[in-house]
Amino acid sequence: LGYQKRFMSRIFQLKDQLPAIDGFYPLDVASDEATNEFFDAFEKVHPGKKADILIHAIGFAPRTCFDRPILFVEDADINTLGELANLVKQSKFGNKVYFNHNVHINQTNICTLACKFCAFRRGKRAEDAYQMDIEQYLYDLSNYSEFVDEVHSVGGLHPEWDIEHYESLFKATKQKFPHIHIKALTAVEIKHIAKLSNLSIETTLQRLKDAGLGSLPGGGAEILDDDVRKIICNGKESSDEYLNIHETAHKIGMPTNCTMLFGTIETIEQRITHLIKLRQLQSNSNGFQCFVPYPFLPDDSRLPDAQLATGSEVLRVIAISRIVLTNIPHIKAYRMNIGDELAELALSYGADDIDGTVHKESIMHLAGSTAPLNHDKRKLAKIIENSGSIPILRDTIYSKFEEYKPPKTVVKSVLPMA
């Protein structure tokens with residue numbers, strides 16, 4: 001309980017620097033098993049003092065109030081906020097930071113929608129529109145199959161690809177590469193496939209799972225506020241549909257990640273609401289394994305009103321996400337979006353995961369990302385070690401872990417010529 005004691009002590013030391021919070025406690029009595037241990041530790045460190053629980057302190061139901069969380073997010077000193085978030089992280093994982101060995105394959109950029117923030121999608125007749133058939137997909141994956149254990153695949157809403165196409169794709173992938181976990185399809189892709197196939201969401205997910213789909217990556221949440229969605233991604237699934245699709249996946253035993261795209265046109269109230277909705281669903285379904293917040297990137301899309309988050313704001317969002325989402329195990333510093341340097345810094349602001357090797361990726365890079373795609377395990381481990389953390393190689397669903405120790409480099413000595 002060392003980190004927990006440090007966290008609770010620090011809350012009282014920093015109270016004057018966090019005027020919007022009258023002392024809070026980062027646990028939800030209803031969902032965190034360690035609550036009693038935390039309270040016992042708190043009583044020993046601060047006898048007679050009462051800690052407020054975070055969900056009440058920042059305005060979770062039933063005492064919904066936005067003034068305090070907004071002040072907390074906007075006014076708290078960034079380094080203080082980062083320190084508190086890091087202590088929450090360390091109370092869960094110590095100094096461990098996770099990564100995996102994966103590759104991204106975006107199967108098509110053809111999409112029936114035209115979201116304003118998206119630089120990836122193309123109409124079917126566009127010169128640079130593409131669609132990978134199954135053999136092309138398998139060939140592409142074969143270039144990485146000897147050293148990755150995850151393929152991450154999301155793409156556009158292809159007007160002709162129904163459930164039978166994806167069943168064939170996943171079955172062929174698992175047959176050829178049984179060791180590779182398939183993490184694929186956003187919620188809106190699931191909705192699109194279900195609609196094309198005249199199936200319910202649950203039946204669609206179950207059939208895809210039976211075909212080899214292992215988990216959902218969680219993309220497409222954007223901001224879970226329908227007023228924002230009507231402007232930046234009109235036609236996509238509603239906020240409730242996103243949550244219901246993920247809840248259904250959890251119901252059938254399929255783990256998922258969840259995301260937040262910030263820095264478009266949303267307000268801080270809407271960001272907080274987004275986090276609250278994810279936390280509430282997790283309390284019910286317990287199927288989210290990782291939260292991935294990432295900023296909108298300046299690009300050639302059709303969203304001139306975007307606010308564009310600064311590096312400091314990215315760190316602030318990651319920190320408050322860690323403090324609020326105590327019931328979602330992992331917070332990811334998504335380096336494909338924020339870059340290596342900021343991702344390394346985010347590991348001191350509450351993030352405990354840095355994603356994976358990736359190798360190739362289209363969506364973020366077309367949107368303006370300059371994150372390198374040539375990182376191997378050694379380079380990712382170096383980013384983690386530079387933050388003072390221990391690199392832990394994981395599988396997709398956080399069930400297998402191994403401390404990564406890079407192979408020793410053999411230096412050959414050269415004798416001088418006589």
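Predicted model: local features only at pLDDT ≥ 70, side-chain atom pairs only at ≥ 80, totals over all residues.
Contact here means heavy atoms within 4.5 Å. Leaving aside neighbours within four places in sequence, L185 touches Q107, S153, V154, Y166, F170, I190, I193, L208, L213, L216 and P217. Two of these partners, F170 and L213, return in the description of the core.

The largest nonpolar core holds 89 residues. L185 is among those with the most contacts inside it, together with F170, L213, L278 and F291. Helix α13, residues 311–324, supplies the largest share of this core, with six residues. A second core is separate and has six residues, including A85, V88, A319 and I323. In soluble globular proteins, nonpolar side chains tend to be buried together.

The whole protein was then examined. It has 418 residues, and 56% of them count as buried. Its secondary structure comprises 16 helices and eleven strands. The accessible surface is about 18,200 Å², and carbon and sulfur atoms account for 50% of it.

An α-helix has 3.6 residues a turn, so residues three or four places apart point the same way. Helix α6 spans residues 134–142, and its buried residues are Y137, L138, D140 and L141. Seen down the helix axis, these fall within an arc of 160°, so they line one face of α6. The face turned away from them carries E135 and Y139, which are exposed. On the buried side, α6 packs against strands β2 (102–104) and β3 (150–153) and against helix α7 (163–176). The N-terminal end of α6 is capped by D133. A side-chain oxygen of D133 lies 3.2 Å from the backbone nitrogen of E135.

Helix α9 covers residues 201–211. T204, L205, L208 and A211 are its buried residues. Their arc around the axis is only 125°, which puts them on the same side of α9. They pack against α7, α8 (187–197), β5 (213–215) and α11 (239–251). One of them, L208, is also a contact of L185. After α9 comes G212, which has a positive phi, near 130°.

Y144 is buried, at 16% relative accessible area. F147 has 39% relative accessibility and counts as partly exposed.

Another pair joins Y294 and Y334. Here the ring centres lie 6.0 Å apart and the planes stand at 50°, so the pair is tilted. Y294 belongs to strand β7, residues 288–295. Y334 sits in the loop between β8 (330–331) and α14 (335–346). The pair therefore ties together parts that are 40 residues apart in sequence. Both Y294 and Y334 are buried. Elsewhere, ring pairs link F93, Y98, Y398 and F401 into a cluster.

Key
Residues numbered from 1 in each chain as written. Heavy atoms only, no water. Core = buried A, V, L, I, M, F, W, Y, C linked by side-chain atoms within 4.5 Å. Buried < 20%, exposed > 50% of the residue type's maximum accessible area, 1.4 Å probe, protein only. Helix = DSSP H or I, 4+ residues; strand = E, 2+ residues; numbered from the N terminus. Areas by Shrake-Rupley, 256 points an atom, 1.4 Å probe, with all protein chains shown as cover. Arc of directions from axis to C-beta. Polar contact = N/O pair within 3.5 Å; in protein donor to acceptor, adjacent residues only side chain to side chain. Phe/Tyr/Trp six-rings, centres within 6.5 Å; stacked < 30°, edge-to-face > 60°.
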